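I've opened a new notebook page for this one. I'll jot down what I look up as I go.

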Amino acid sequence: MSSDRKLHVLVKRIDPELQGADDEYAYDLECPGPPHCTGWQECDQPHEVGGVSAANGPDEPLDTCECDGCLVCSCPSLPWDGVEEFEFHGVVHTWHSGYGWTVPYNGCVVREHDLEEHDLLLDEPPGRYLVDAEWPEPEEVYLELVGPEGGGE
């Protein structure tokens, strides 16, 4: 993790309305926002240049390529050929195998995934805690407890 990257803060506090319940704590998540909270999402717009579809991605030949895997392809070179990032319809896209051309995620990747954040702080006293978020796939967000905020990072 880069030392200049800000982390999410998970706040555990006593909730007077929950006193006497099994879990009498409330939890709040503070997001550091972009560029520290980043992710990607699928883009449902067409991806093409000059009428040629880029749906196959940066490393696949055109559907119309006639060489069928030949060592030296005589098909025209495509501007997105071999690159993982390319601009379509005015937005920089990143290729993610299995998902296609993706765009930056709008919003907080942690907050949008309805995680059980309190499980991280089950044995911790009320306070403010730094958590690191990892988002390898759109359906998977993992949180790791780093420690108390200001705890000598």
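Which order do the four strands of the open sheet have? I find 3-8-7-6, with antiparallel pairing. For my notes, strands are DSSP runs of E with at least two residues, numbered from the N terminus, and two strands pair if DSSP finds at least two bridges between them. Strand 3 (40-42) and strand 6 (85-88) stand at the edges with a single partner strand each, so one side of each has no neighbour in the sheet. I get an average twist of 45° from one strand to the next, with axes as lines fitted to C-alpha atoms and angles from 0 to 180 degrees between N-to-C directions.

A word on the source: this is a predicted model, where local features need pLDDT of at least 70 and side-chain atom pairs count only at pLDDT 80 or more, while totals for chains, interfaces and linings use all residues. Residues are numbered from 1 along each chain as its sequence is written, and side-chain values use heavy atoms, leaving out hydrogens and water.

Thr-94 has Thr-102 in strand 8 as its bridge partner.

Then I checked His-8, which lies in strand 1 (residues 8-14). Is His-8 buried or exposed? His-8 is buried, at 4% relative accessible area (buried is under 20%, exposed over 50%, partly exposed in between, with a 1.4 Å probe and protein chains only). Leaving aside residues up to four places away in sequence, His-8 touches several others, including Cys-31, Cys-37, Cys-108 and Tyr-129; contact means heavy atoms within 4.5 Å.

Last, the whole chain: I count zero helices and 10 strands, and 29% of the 153 residues are buried.
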